[in-house]
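Here is a brief report on one protein chain. The sequence and the structure come first, then the notes.

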Amino acid sequence: MRVYHALQMLTQRQRQHFDSFGFVLLRQLFDAGEMDTLRREFEIGLESKYRHAPFDGTRMHHTYLMESNTPFFASLLEDERFASVAESLGGSDILGINATGNRHVGNTPWHADTDSYHQYGVKFVFYFDPLTAANGALRVVPGSHRRPYFEQMREFTSIHQIPDGSTIDEVPAFGIESEPGDVIVFDHRLSHASRGGRDDRRLGAVVYYHNPATPEEEKALRWAFHKRKKSDLEKFGLSVGPWYDADWWSAPNPSPRRLRWRQRLESLDFFSPLNDQVTE
């Protein structure tokens, strides 16, 4: 088993693959012991947030795993295997956002993780079961993170995609087969979907956002924060908060990364309550 150790950066080939196609697969980033810990914390975190509505395979569950009962998940944002790769791909000032857990139900139609080409970042996802294109593996449209393909894909799927995902196969795509321990890294603008998986596809994710450098990018990021908070409340019934345990942010002697993230996110009103005055 090949394990990526702390401080190991991407190779030039891996960076070029990400730049060209919008994703890269890192084999066996986690060892078996780490995956066992992540599984336990995943179950603890999801069950604690959904005591009012236990998972029954009919409705997706999603939550943030940045609290004291999920310490390994909460550490991943600053884990060098993630943070250094995110900085290599997205720039040294990229912003750490959160670590999440998701139980997916049914097909996942084509989408990008952003509404705007100007709001983007780097996302890491890992699954707890072996997956192929036939049983729910992540499918991507290589190169759709770039213009004009980004807008073309959004237009095509908005017109021709059926909500139940039955038309997923009509889009030429690449299925990223993975084993537990593997981590997929992709650009938020990359179109992705899944089809044929069981009604409990468990995955973890670690998310970083581009630090906006222009008014257009800043506006797009503020809208992304607003939309996520609104979705948390309306779709999942989660309280509208900062997506972190307060102790995680206020821990004494924070790392320079965490301190920089906190100061920049505060300036972007990341920790503010839901505000319906925010617009696209």
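## Confidence

In this predicted model, residues 1–7 keep a pLDDT under 50. For that stretch the model has 19 contacts beyond four places in sequence. The protein as a whole averages a pLDDT of 87. A score of at least 70 is reached by 91% of the residues. Among the elements, strand β8 (residues 183–187) has the highest mean pLDDT, 98. Helix α7 (residues 246–250) has the lowest, 71.

## Sheet and helices

Six strands form an open sheet: 6 strands in the order β1-β8-β5-β10-β3-β2, with antiparallel pairing. β1 (23–26) and β2 are the edge strands, each pairing on one side only. From one strand to the next, the twist averages 20°.

Within this sheet, β5 and β8 are joined by 4 bridges in the antiparallel sense. V125 stands opposite I184 of β8.

| Helix | Residues | Lies across | Angle |
|---|---|---|---|
| α1 | 12–21 | β1, β5 and β8 | about 140° to β1 |
| α4 | 80–90 | β5, β8 and β10 | about 140° to β5 |

## The largest pocket

How much space lies in the largest pocket? The volume is about 1,200 Å³. The lining has 42 residues. Closest to the centre are H111, A112, D113, K123 and R228.

By class, 18 lining residues are nonpolar, 16 are polar and 8 are charged.

Which element gives the most to this lining? It is α6, with 8 residues. Helix α6 spans 215–236. Other elements supply at least two residues each: β2 (61–64), β3 (95–104), β4 (108–111), β5 (121–127), β9 (192–194) and β10 (201–209). Of these, β2, β3, β5 and β10 are also strands of the open sheet.

## Backbone details

Two loops hold backbone features to inspect. R147 and P148 are joined by a cis peptide bond, with omega about 0°. P148 sits in the loop between β6 (138–140) and α5 (149–160).

Q28 is not a glycine, yet its phi is positive, about 50°. Its place is the loop between β1 and α2 (32–49). β1 is also an edge strand of the sheet.

Technical notes. Residues are numbered from 1 along each chain as its sequence is written. This is a predicted model: local features need pLDDT of at least 70, side-chain atom pairs count only at pLDDT 80 or more; totals for chains, interfaces and linings use all residues. Side-chain values use heavy atoms; hydrogens and water are left out. pLDDT is the predictor's confidence in each residue, from 0 to 100. Contact means heavy atoms within 4.5 Å. On a 1 Å grid over the protein atoms alone, a cavity is a set of points where a 1.4 Å probe fits but cannot get out, and a pocket is an open set with protein on both sides within 12 Å along at least five of seven lines; lining residues have an atom within 4 Å of a point. Grid points are joined across faces, edges and corners, and a volume is the space filled by probe spheres set on the points. Ala, Val, Leu, Ile, Met, Phe, Trp, Tyr, Cys and Pro count as nonpolar, Asp, Glu, Lys and Arg as charged, and the others, Gly among them, as polar. Two strands pair if DSSP finds at least two bridges between them. Axes are lines fitted to C-alpha atoms, for helices over the stretch in contact, and angles run from 0 to 180 degrees between N-to-C directions.
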